Amino acid sequence: MNRKIGLILIPIVALALAACGGPSVGGGGGQSSSPSGPVKIGTIGPLTGPASTYGIGEQNGIQMAIDEWNAKGGLLGSKISMEVRDDKSDPSTSTTQALQLVQSDGVNALFGPVINSCALAVAQISDQLAVPVVGTLGATTPVVYPNGPSKAPYPWVYRVLVSSPVQVQALVDYGTKQGLKNWAVVYQNDAYGQPTVDDLKAALAKDGGKLVDSEAIAVDATDATAQAQAAVASHPDVVLVWTIQAPASKVVSALANAGNTAAVFTSNAQVSPQFYQLAGSQADGIISTGLKAQFDSSPLIQNFTTQYQAKFSIAPTLWAYASYDAAQIYFAAVKAAGTSDPKAVQSQLNKVKYTGITGKISFTKQLHDGITAADVTVVKIGNGAAAPVQ
(Lines give C-alpha, C1' and ligand atoms only; values in the text may rest on other atoms or scores of the structure.)
Protein backbone atom coordinates (compact mmCIF):
# COMPACT_ATOMS: atom_id res chain seq x y z
CA MET A 1 0.00 0.00 0.00
CA ASN A 2 1.11 3.54 -0.67
CA ARG A 3 2.04 5.15 2.68
CA LYS A 4 3.12 8.68 1.76
CA ILE A 5 1.79 10.36 4.86
CA GLY A 6 1.75 9.61 8.57
CA LEU A 7 -1.28 9.33 10.77
CA ILE A 8 -0.46 12.44 12.74
CA LEU A 9 0.07 14.47 9.58
CA ILE A 10 -3.14 13.59 7.77
CA PRO A 11 -5.41 16.22 9.34
CA ILE A 12 -2.92 19.00 8.67
CA VAL A 13 -1.45 18.25 5.29
CA ALA A 14 -3.95 16.13 3.37
CA LEU A 15 -5.00 19.14 1.32
CA ALA A 16 -1.58 20.68 0.88
CA LEU A 17 -0.19 17.45 -0.52
CA ALA A 18 -2.52 17.75 -3.49
CA ALA A 19 -0.28 20.47 -4.87
CA CYS A 20 2.72 18.16 -4.92
CA GLY A 21 1.04 15.03 -6.21
CA GLY A 22 0.09 13.39 -2.90
CA PRO A 23 -3.32 12.41 -1.58
CA SER A 24 -6.00 15.08 -1.50
CA VAL A 25 -9.53 15.59 -0.30
CA GLY A 26 -11.58 18.01 -2.34
CA GLY A 27 -10.41 20.37 -4.98
CA GLY A 28 -10.35 23.69 -3.16
CA GLY A 29 -12.25 26.74 -4.26
CA GLY A 30 -14.95 26.26 -1.65
CA GLN A 31 -16.82 28.91 0.28
CA SER A 32 -14.85 30.98 2.74
CA SER A 33 -17.47 31.42 5.45
CA SER A 34 -17.00 29.64 8.78
CA PRO A 35 -19.78 27.85 10.66
CA SER A 36 -21.18 29.54 13.75
CA GLY A 37 -20.11 27.47 16.74
CA PRO A 38 -18.33 24.11 16.58
CA VAL A 39 -18.46 21.72 13.66
CA LYS A 40 -20.97 19.19 14.92
CA ILE A 41 -21.42 15.62 13.73
CA GLY A 42 -23.81 12.85 14.72
CA THR A 43 -22.86 9.20 15.06
CA ILE A 44 -25.40 6.37 15.03
CA GLY A 45 -24.61 2.73 15.75
CA PRO A 46 -25.24 -0.23 18.04
CA LEU A 47 -23.52 0.44 21.36
CA THR A 48 -25.43 -2.33 23.15
CA GLY A 49 -26.60 -5.76 22.07
CA PRO A 50 -24.98 -8.47 19.90
CA ALA A 51 -23.64 -6.01 17.29
CA SER A 52 -22.17 -3.55 19.78
CA THR A 53 -18.58 -4.34 18.83
CA TYR A 54 -19.19 -2.69 15.45
CA GLY A 55 -20.80 0.44 16.87
CA ILE A 56 -18.14 0.85 19.55
CA GLY A 57 -15.39 0.53 16.95
CA GLU A 58 -17.15 3.15 14.81
CA GLN A 59 -17.47 5.60 17.69
CA ASN A 60 -13.88 5.09 18.83
CA GLY A 61 -12.38 5.52 15.37
CA ILE A 62 -14.24 8.79 14.85
CA GLN A 63 -13.24 9.99 18.30
CA MET A 64 -9.57 9.34 17.46
CA ALA A 65 -9.88 11.61 14.42
CA ILE A 66 -11.76 14.31 16.35
CA ASP A 67 -9.12 14.35 19.08
CA GLU A 68 -6.34 14.78 16.51
CA TRP A 69 -8.04 17.73 14.83
CA ASN A 70 -9.02 19.38 18.11
CA ALA A 71 -5.49 19.02 19.46
CA LYS A 72 -4.36 21.14 16.50
CA GLY A 73 -6.98 23.82 17.07
CA GLY A 74 -10.09 22.23 15.63
CA LEU A 75 -11.68 22.93 12.26
CA LEU A 76 -12.35 26.34 10.74
CA GLY A 77 -11.42 27.94 14.05
CA SER A 78 -13.82 25.86 16.14
CA LYS A 79 -13.65 22.62 18.08
CA ILE A 80 -15.35 19.59 16.56
CA SER A 81 -18.07 17.99 18.68
CA MET A 82 -19.93 14.69 18.33
CA GLU A 83 -23.41 13.59 19.35
CA VAL A 84 -23.59 9.79 19.77
CA ARG A 85 -26.74 7.66 19.59
CA ASP A 86 -27.26 3.95 20.32
CA ASP A 87 -29.73 2.62 17.75
CA LYS A 88 -29.63 -0.92 19.24
CA SER A 89 -29.56 -2.29 15.66
CA ASP A 90 -33.17 -1.18 15.12
CA PRO A 91 -33.89 0.54 11.76
CA SER A 92 -36.85 2.56 13.03
CA THR A 93 -34.73 3.85 15.90
CA SER A 94 -31.96 4.75 13.44
CA THR A 95 -34.27 6.83 11.26
CA THR A 96 -35.78 8.61 14.26
CA GLN A 97 -32.34 9.40 15.61
CA ALA A 98 -31.09 10.60 12.22
CA LEU A 99 -34.01 13.01 11.88
CA GLN A 100 -33.56 14.30 15.42
CA LEU A 101 -29.82 14.76 15.04
CA VAL A 102 -30.23 16.79 11.85
CA GLN A 103 -33.47 18.67 12.50
CA SER A 104 -33.24 19.24 16.27
CA ASP A 105 -29.58 18.91 17.22
CA GLY A 106 -28.26 20.66 14.13
CA VAL A 107 -25.48 18.26 13.15
CA ASN A 108 -23.61 18.98 9.93
CA ALA A 109 -23.13 15.31 8.98
CA LEU A 110 -24.06 11.80 10.08
CA PHE A 111 -21.72 8.85 10.57
CA GLY A 112 -23.33 5.41 10.42
CA PRO A 113 -25.57 3.58 11.04
CA VAL A 114 -23.37 0.50 11.02
CA ILE A 115 -25.88 -2.36 10.76
CA ASN A 116 -27.03 -2.91 7.19
CA SER A 117 -30.80 -2.69 7.76
CA CYS A 118 -30.29 0.51 9.77
CA ALA A 119 -27.95 2.02 7.17
CA LEU A 120 -30.45 1.19 4.44
CA ALA A 121 -33.28 2.86 6.35
CA VAL A 122 -31.26 6.07 6.79
CA ALA A 123 -30.04 6.01 3.19
CA GLN A 124 -33.66 5.93 2.05
CA ILE A 125 -34.33 9.26 3.83
CA SER A 126 -30.93 10.80 3.03
CA ASP A 127 -32.41 13.25 0.52
CA GLN A 128 -34.74 14.50 3.26
CA LEU A 129 -31.83 14.81 5.70
CA ALA A 130 -29.71 16.65 3.11
CA VAL A 131 -26.44 16.23 5.02
CA PRO A 132 -23.52 13.91 4.21
CA VAL A 133 -24.09 10.37 5.55
CA VAL A 134 -20.60 8.93 5.80
CA GLY A 135 -18.68 5.94 7.10
CA THR A 136 -19.16 2.26 7.88
CA LEU A 137 -22.62 1.97 6.37
CA GLY A 138 -23.63 -1.67 6.22
CA ALA A 139 -22.19 -3.69 3.34
CA THR A 140 -24.79 -4.39 0.67
CA THR A 141 -25.16 -2.59 -2.64
CA PRO A 142 -28.63 -1.01 -2.01
CA VAL A 143 -27.29 1.07 0.91
CA VAL A 144 -25.28 3.13 -1.58
CA TYR A 145 -26.79 2.28 -4.98
CA PRO A 146 -30.59 1.88 -4.71
CA ASN A 147 -30.96 0.79 -8.34
CA GLY A 148 -27.76 -1.20 -8.73
CA PRO A 149 -24.04 -0.35 -8.93
CA SER A 150 -24.23 0.86 -12.52
CA LYS A 151 -26.89 3.43 -11.61
CA ALA A 152 -26.64 6.66 -9.62
CA PRO A 153 -25.84 6.41 -5.90
CA TYR A 154 -27.72 8.17 -3.16
CA PRO A 155 -26.17 11.64 -3.57
CA TRP A 156 -25.57 12.17 0.16
CA VAL A 157 -24.31 8.66 1.08
CA TYR A 158 -20.56 7.85 1.11
CA ARG A 159 -19.38 4.45 2.36
CA VAL A 160 -15.91 3.73 3.74
CA LEU A 161 -16.22 -0.04 4.20
CA VAL A 162 -15.80 -3.11 2.00
CA SER A 163 -19.07 -4.01 0.27
CA SER A 164 -20.51 -7.53 0.36
CA PRO A 165 -20.12 -8.12 -3.41
CA VAL A 166 -16.40 -7.31 -3.23
CA GLN A 167 -15.93 -9.64 -0.25
CA VAL A 168 -17.91 -12.49 -1.80
CA GLN A 169 -16.02 -12.27 -5.08
CA ALA A 170 -12.69 -12.36 -3.24
CA LEU A 171 -13.76 -15.47 -1.31
CA VAL A 172 -15.10 -17.25 -4.39
CA ASP A 173 -11.94 -16.43 -6.35
CA TYR A 174 -9.85 -17.87 -3.53
CA GLY A 175 -12.05 -20.96 -3.21
CA THR A 176 -11.90 -21.58 -6.96
CA LYS A 177 -8.10 -21.53 -6.83
CA GLN A 178 -8.32 -24.22 -4.15
CA GLY A 179 -10.59 -26.36 -6.33
CA LEU A 180 -13.71 -25.69 -4.23
CA LYS A 181 -16.74 -25.59 -6.51
CA ASN A 182 -19.87 -26.52 -4.53
CA TRP A 183 -21.05 -23.93 -2.03
CA ALA A 184 -23.70 -23.80 0.67
CA VAL A 185 -24.57 -20.58 2.46
CA VAL A 186 -26.11 -19.86 5.87
CA TYR A 187 -27.18 -16.24 5.76
CA GLN A 188 -28.71 -13.75 8.15
CA ASN A 189 -32.36 -13.41 7.20
CA ASP A 190 -32.46 -9.64 6.79
CA ALA A 191 -31.24 -6.80 4.60
CA TYR A 192 -27.62 -7.79 5.32
CA GLY A 193 -27.78 -11.48 4.50
CA GLN A 194 -30.46 -11.74 1.83
CA PRO A 195 -28.71 -9.74 -0.94
CA THR A 196 -25.53 -11.76 -0.35
CA VAL A 197 -27.19 -14.89 -1.73
CA ASP A 198 -27.51 -13.12 -5.09
CA ASP A 199 -23.94 -11.81 -4.77
CA LEU A 200 -22.76 -15.39 -4.21
CA LYS A 201 -24.72 -16.72 -7.18
CA ALA A 202 -23.20 -14.05 -9.42
CA ALA A 203 -19.66 -14.74 -8.22
CA LEU A 204 -20.08 -18.51 -8.61
CA ALA A 205 -21.47 -18.07 -12.13
CA LYS A 206 -18.41 -16.03 -13.02
CA ASP A 207 -15.98 -18.62 -11.59
CA GLY A 208 -17.82 -21.76 -12.64
CA GLY A 209 -19.04 -22.80 -9.19
CA LYS A 210 -22.43 -23.97 -7.95
CA LEU A 211 -24.72 -23.06 -5.06
CA VAL A 212 -26.01 -26.36 -3.64
CA ASP A 213 -27.90 -25.09 -0.59
CA SER A 214 -28.96 -21.85 1.13
CA GLU A 215 -30.25 -21.58 4.69
CA ALA A 216 -31.63 -18.51 6.47
CA ILE A 217 -31.09 -17.81 10.16
CA ALA A 218 -32.46 -15.07 12.39
CA VAL A 219 -30.04 -12.60 13.91
CA ASP A 220 -31.30 -13.50 17.39
CA ALA A 221 -31.34 -17.27 16.82
CA THR A 222 -30.33 -19.33 19.83
CA ASP A 223 -29.69 -22.52 17.84
CA ALA A 224 -28.43 -23.25 14.32
CA THR A 225 -28.74 -27.04 14.28
CA ALA A 226 -31.33 -27.25 11.49
CA GLN A 227 -29.42 -24.91 9.20
CA ALA A 228 -26.12 -26.68 9.81
CA GLN A 229 -27.54 -30.14 9.23
CA ALA A 230 -29.18 -29.06 5.97
CA ALA A 231 -25.98 -27.43 4.74
CA VAL A 232 -23.87 -30.49 5.58
CA ALA A 233 -26.41 -32.77 3.88
CA SER A 234 -25.88 -30.91 0.60
CA HIS A 235 -22.24 -32.13 0.53
CA PRO A 236 -20.63 -28.76 -0.20
CA ASP A 237 -16.97 -27.97 -0.59
CA VAL A 238 -17.55 -24.67 1.25
CA VAL A 239 -20.11 -23.43 3.75
CA LEU A 240 -20.30 -19.64 3.64
CA VAL A 241 -21.56 -18.15 6.92
CA TRP A 242 -22.87 -14.62 6.35
CA THR A 243 -24.10 -13.21 9.65
CA ILE A 244 -22.89 -10.97 12.45
CA GLN A 245 -20.78 -12.45 15.24
CA ALA A 246 -23.33 -13.97 17.63
CA PRO A 247 -25.28 -16.10 15.13
CA ALA A 248 -22.06 -16.89 13.26
CA SER A 249 -20.59 -18.50 16.37
CA LYS A 250 -23.73 -20.63 16.74
CA VAL A 251 -23.56 -21.72 13.08
CA VAL A 252 -19.88 -22.63 13.39
CA SER A 253 -20.60 -24.70 16.49
CA ALA A 254 -23.59 -26.41 14.90
CA LEU A 255 -21.57 -27.25 11.78
CA ALA A 256 -18.93 -28.96 13.91
CA ASN A 257 -21.62 -30.92 15.75
CA ALA A 258 -23.17 -31.95 12.43
CA GLY A 259 -19.88 -33.49 11.30
CA ASN A 260 -19.05 -30.86 8.70
CA THR A 261 -15.91 -31.55 6.69
CA ALA A 262 -16.28 -28.67 4.22
CA ALA A 263 -14.26 -25.48 4.45
CA VAL A 264 -15.99 -22.67 6.36
CA PHE A 265 -15.80 -19.18 4.88
CA THR A 266 -17.26 -16.00 6.34
CA SER A 267 -17.35 -12.22 6.03
CA ASN A 268 -15.03 -9.65 7.58
CA ALA A 269 -17.56 -9.36 10.43
CA GLN A 270 -15.77 -12.27 12.12
CA VAL A 271 -12.24 -10.84 11.97
CA SER A 272 -12.29 -9.50 15.51
CA PRO A 273 -11.37 -10.57 19.05
CA GLN A 274 -15.05 -10.73 19.96
CA PHE A 275 -15.77 -13.49 17.44
CA TYR A 276 -12.67 -15.42 18.46
CA GLN A 277 -13.94 -15.35 22.04
CA LEU A 278 -17.43 -16.48 21.05
CA ALA A 279 -16.32 -19.28 18.72
CA GLY A 280 -13.23 -20.40 20.62
CA SER A 281 -11.16 -23.09 18.91
CA GLN A 282 -13.96 -23.70 16.42
CA ALA A 283 -12.92 -20.46 14.72
CA ASP A 284 -9.58 -22.02 13.78
CA GLY A 285 -9.25 -22.59 10.05
CA ILE A 286 -12.10 -20.30 9.00
CA ILE A 287 -11.39 -18.30 5.83
CA SER A 288 -12.55 -14.70 5.80
CA THR A 289 -11.80 -11.31 4.30
CA GLY A 290 -10.00 -8.36 5.79
CA LEU A 291 -8.34 -5.13 4.81
CA LYS A 292 -4.69 -5.29 3.94
CA ALA A 293 -4.26 -2.39 6.35
CA GLN A 294 -5.32 -4.58 9.26
CA PHE A 295 -2.23 -6.71 8.70
CA ASP A 296 0.21 -4.00 7.64
CA SER A 297 3.34 -3.95 9.79
CA SER A 298 4.27 -0.40 8.79
CA PRO A 299 5.04 2.11 11.58
CA LEU A 300 1.91 4.07 10.60
CA ILE A 301 -0.46 1.20 11.36
CA GLN A 302 1.52 0.19 14.42
CA ASN A 303 1.29 3.78 15.70
CA PHE A 304 -2.46 3.93 15.21
CA THR A 305 -2.95 0.56 16.89
CA THR A 306 -0.77 1.55 19.85
CA GLN A 307 -2.60 4.86 20.33
CA TYR A 308 -5.99 3.20 19.98
CA GLN A 309 -5.22 0.50 22.54
CA ALA A 310 -3.82 3.06 24.96
CA LYS A 311 -6.95 5.20 24.63
CA PHE A 312 -9.66 2.53 24.67
CA SER A 313 -7.95 -0.55 26.20
CA ILE A 314 -9.06 -2.77 23.32
CA ALA A 315 -7.61 -3.67 19.93
CA PRO A 316 -8.96 -1.72 16.92
CA THR A 317 -11.37 -3.50 14.58
CA LEU A 318 -12.05 -2.94 10.91
CA TRP A 319 -14.85 -0.55 11.93
CA ALA A 320 -12.42 1.55 13.94
CA TYR A 321 -9.93 1.80 11.05
CA ALA A 322 -12.60 2.64 8.48
CA SER A 323 -14.48 5.11 10.69
CA TYR A 324 -11.25 6.93 11.48
CA ASP A 325 -10.57 7.35 7.76
CA ALA A 326 -14.18 8.36 7.09
CA ALA A 327 -13.92 11.11 9.71
CA GLN A 328 -10.59 12.31 8.33
CA ILE A 329 -12.10 12.50 4.85
CA TYR A 330 -15.13 14.46 6.04
CA PHE A 331 -13.10 16.92 8.11
CA ALA A 332 -10.70 17.53 5.22
CA ALA A 333 -13.69 18.12 2.91
CA VAL A 334 -15.05 20.70 5.35
CA LYS A 335 -11.67 22.41 5.41
CA ALA A 336 -11.52 22.40 1.61
CA ALA A 337 -15.03 23.86 1.40
CA GLY A 338 -14.24 26.53 3.97
CA THR A 339 -17.59 25.86 5.62
CA SER A 340 -19.57 23.01 7.14
CA ASP A 341 -22.53 23.85 4.88
CA PRO A 342 -23.68 20.39 3.71
CA LYS A 343 -24.04 21.26 0.03
CA ALA A 344 -20.56 22.76 -0.15
CA VAL A 345 -19.06 19.77 1.65
CA GLN A 346 -20.93 17.36 -0.63
CA SER A 347 -19.24 19.01 -3.60
CA GLN A 348 -15.83 18.40 -2.00
CA LEU A 349 -16.64 14.80 -1.11
CA ASN A 350 -17.28 14.14 -4.80
CA LYS A 351 -13.61 15.03 -5.46
CA VAL A 352 -11.95 12.87 -2.79
CA LYS A 353 -8.57 11.28 -3.43
CA TYR A 354 -7.26 10.13 -0.09
CA THR A 355 -4.66 7.68 1.20
CA GLY A 356 -5.44 6.58 4.72
CA ILE A 357 -4.89 3.63 6.99
CA THR A 358 -7.47 1.55 5.10
CA GLY A 359 -5.85 2.24 1.73
CA LYS A 360 -6.56 4.50 -1.21
CA ILE A 361 -10.07 5.95 -1.13
CA SER A 362 -11.67 7.90 -3.96
CA PHE A 363 -15.13 9.39 -4.35
CA THR A 364 -16.71 10.95 -7.40
CA LYS A 365 -20.27 11.93 -8.20
CA GLN A 366 -20.86 8.30 -9.29
CA LEU A 367 -18.40 6.41 -7.07
CA HIS A 368 -19.61 6.42 -3.45
CA ASP A 369 -18.05 3.13 -2.32
CA GLY A 370 -14.60 4.19 -1.19
CA ILE A 371 -12.83 0.89 -0.48
CA THR A 372 -12.27 -1.36 -3.49
CA ALA A 373 -11.03 -4.89 -4.12
CA ALA A 374 -7.46 -3.60 -4.34
CA ASP A 375 -7.34 -3.12 -0.55
CA VAL A 376 -9.00 -6.45 0.36
CA THR A 377 -7.16 -9.62 1.34
CA VAL A 378 -8.25 -13.16 2.17
CA VAL A 379 -7.32 -14.28 5.68
CA LYS A 380 -7.31 -17.43 7.79
CA ILE A 381 -8.29 -17.45 11.45
CA GLY A 382 -6.27 -19.42 13.97
CA ASN A 383 -5.29 -19.23 17.64
CA GLY A 384 -7.34 -16.11 18.24
CA ALA A 385 -5.95 -14.12 15.32
CA ALA A 386 -6.16 -13.79 11.54
CA ALA A 387 -3.41 -13.69 8.94
CA PRO A 388 -3.46 -13.19 5.16
CA VAL A 389 -3.32 -16.30 3.00
CA GLN A 390 -2.59 -14.49 -0.26
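**Pockets and aromatic pairs in a predicted model**

The second largest pocket is lined by T141, Y145, P149, R159, S163, P165, V166, L367, D369, I371, T372 and A373, where a pocket is an open set of points on a 1 Å grid over the protein atoms alone at which a 1.4 Å probe fits, with protein on both sides within 12 Å along at least five of seven lines, and lining residues have an atom within 4 Å of a point. The model is predicted, with local features needing pLDDT of at least 70 and side-chain atom pairs counting only at pLDDT 80 or more, whereas totals for chains, interfaces and linings use all residues. Residues are numbered from 1 along each chain as its sequence is written, and side-chain values use heavy atoms, with hydrogens and water left out.

The largest pocket is lined by 17 residues, and Q294, F295, A315, P316 and Y321 lie nearest its centre. Y321 also belongs to one aromatic cluster, together with F304, Y308, F312 and Y324.

Twelve aromatic pairs are present in the structure, a pair being two rings of Phe, Tyr or Trp (its six-membered ring) with centres within 6.5 Å, counted as stacked when the planes are under 30 degrees apart, edge-to-face when over 60 and tilted for the rest. W69 and F331 form an edge-to-face pair, at 5.8 Å centre to centre and 70 degrees between the planes. Because W69 lies in helix 2 (residues 52-71) and F331 in helix 12 (residues 318-337), this pair ties together parts that are 262 residues apart in sequence, helices being DSSP runs of H or I with at least four residues, numbered from the N terminus. W69 is buried at 4% relative accessibility, and F331 is buried at 0%, where buried means under 20% relative accessible area with a 1.4 Å probe and protein chains only.

Technical notes
Helices (H or I, at least four residues) and strands (E, at least two) are DSSP runs, numbered from the N terminus. Buried means under 20% relative accessible area, exposed over 50%, partly exposed in between (1.4 Å probe, protein chains only).
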